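Student: I would like a close look at one single part of this model. Please take me through it step by step.

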Amino acid sequence: MKVLVAVKRVIDANIKVRVRQDGSGVETANVKMAMNPFCEIAVEQAVRLAEAGTADEVVLVSAGPQQAQETLRTGLAMGADRAIHIVTDQPLEPLAVAKLLRAVVEREQPGLVLLGKQAIDDDCNQTGQMLAALLGWAQGTFASKIAIEGETASVTREVDGGLETVALKMPAVVTVDLRLNEPRYASLPNIMKAKKKAIDPLTADELGVDIAPRLQVLRVEEPPGREAGIKVETAAELVDKLVNEAGVI
Amino acid sequence: MAVLVVAEHGGHALAPATLSTISCAAELREAGAGDVTVLVAGADCRGAAEEAATIDGVAKVLLADDGIYENPSAEALAALVQPLASQYGHILYPASTFGKNAAPRLSALIDSQQISDIQAVVDADTFVRPIYAGNALATVKSSDAVKVITVRGTAFEKAAPGGGAAPIEDLAAAGDDGLSKFVGAELSSSERPELTSARVVISGGRGMQSGDNFALLEEIADRLGAAVGASRAAVDSGFVPNDFQVGQTGKIVAPELYIAVGISGAIQHLAGMKDSKVIVAINKDEEAPIFQVADYGIVGDLFQILPELKAALDARKKG
């Protein structure tokens, strides 16, 4: 079985983003970028499936500017076999990405597509579900456990009330949650090896996909800040403040 | 045009997140988006439909009561809603795991770019939503004819079931393509209030050191009628299950009182709780970022402070 993993390049999770003064977005120039943390978990899962003999090839795909190649190299160093880079400088919305991915799935014919459950930049949490819809495939979102048994993927999902398990007909789209695995660090030899792995460029035009945005971003602003309050010395003083000053207990 | 709310419910009653979503729908109606219809799909769920019918501002309830919707898959729900979609200008889901799973599937099927997790309605086409873990707010305008939206529950008041009597119309099941089968659920059972709708939340972080130590938080929670939450670090360390997680990738809460214990205050945690009315932080590191958002802070050893807090709450009760 071939596994396709979609990955996104985002501002590094440890960076505090700054909103541009003119309200046009957040500052991305000279800011450290990295693979979206949920995408790392998806890559790790695919590599583990390959190591277990369930997958025979792991193919990465990313859509974005030239630098998205760095993100793909990171995934290749983790153990993926090859990568596809849909090159575009245009901002992409989840529906457009899902359409691009559908076109790649039609070319590559994977048995399973893995994605992160959400990207930590736009926090949309849409692309995997949209891709499953466009393909007419089953979707298993927010996965904390994946077991492939023949033509069925058993997926344990993180839901608000706890855990839920669904049996999905393969091929399927699965989006991964935090507790599925702990992504590995690429070893130096694997980083060297990844430099020789193929990254095939493609364009939205070649895939025949209209990626024009549907949403117009009118402005981006900083949320109203919270001011630091006061320090109290004892628990008794805290309870007194909460009762008599804040009135919340 | 009209507004459709796809309800999350427990069979006999609507989920709190649905009540907030109905309030958002009411705001859209005020903005000229048309009457509000609530769709209740489930098995033996007439009770939830009847509750929806009593809410002021709900003009109609659609009830799809069928065994195939007992634990509705996103696949089955999308198949049910898709044929109705063109009658509506807005289709709303709560931004719970229910809505996050189901809404994008419908959105793609009707070729609409979903707007996730909105926290304010500017006008019928324009919405405010958090990005980058709430470190920025984007105001976005949609050009899609049918707008699919998930609604952040904490940003809208819960609509109160009241004296309304909207008609309930039966909606035939749309069938199930069999792509996804529900196998089972392990739901956390707790006597405590649900995290996202609790009036008081007490959360523990890595500083709790173990899952067993969460008992210290539970003792406080019992005295305050609070829900217990956790930071991602505590979940990652295996102290508590993921459904405790408050943050960008977990649950968003905005209680009257949020008590953060042994939580440093990573950006992604703040994203889940910074809209709380009053924030208390207990942490041994006085430089911890959590203190920058806390109304009241205590710097010290939580293993000493929590028992003192428990005693102080008991003393107040007696007094």
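Tutor: Start with strand 14 of chain B and its neighbour, strand 15 (residues 278-283) of chain B: five bridges join the two, and they run parallel. Strands count as paired if DSSP finds at least two bridges between them. Strands here are DSSP runs of E with at least two residues, helices are runs of H or I with at least four, and both are numbered from the N terminus.

A word on the source. This is a predicted model, where local features need pLDDT of at least 70, side-chain atom pairs count only at pLDDT 80 or more, and totals for chains, interfaces and linings use all residues. Residues are numbered from 1 along each chain as its sequence is written, while chains are lettered from A and ligands numbered from 1 in the order in which they are written.

Back to the pair. Find Val261(B) in the picture: opposite it stands Ile282(B), in strand 15 of chain B. Strand 14 of chain B, helix 7 (residues 267-273) of chain B and strand 15 of chain B make a right-handed β-α-β unit. Right-handed has a set meaning: with the strands pointing away from the viewer, the path from the first strand over the helix to the second runs clockwise.

Strand 14 of chain B has another partner. It pairs with strand 12 (residues 200-204) of chain B, in the parallel sense, over five bridges. There, Ile202(B) stands opposite Ile259(B) of strand 14.

Next, how covered is the strand? Strand 14 of chain B spans residues 257-261, and five of its five residues are buried. A residue is buried if 20 or more other C-beta atoms lie within 10 Å of its own, exposed if 12 or fewer, and partly exposed in between; the C-beta atoms are placed from the backbone. In a regular strand the side chains alternate between the two faces of the sheet. Check both faces here. Leu257(B), Ile259(B) and Val261(B) lie on one side, Tyr258(B) and Ala260(B) on the other, and all are buried.

For contrast, look elsewhere in chain B. Asp222(B) sits in helix 5 (residues 214-224) of chain B. Asp222(B) has 14 other C-beta atoms within 10 Å, so it is partly exposed.

Last, follow a pairing between chains. Strand 9 of chain A and strand 11 (residues 180-187) of chain B run antiparallel, joined by seven bridges. In that pairing, Leu168(A) stands opposite Ser180(B).
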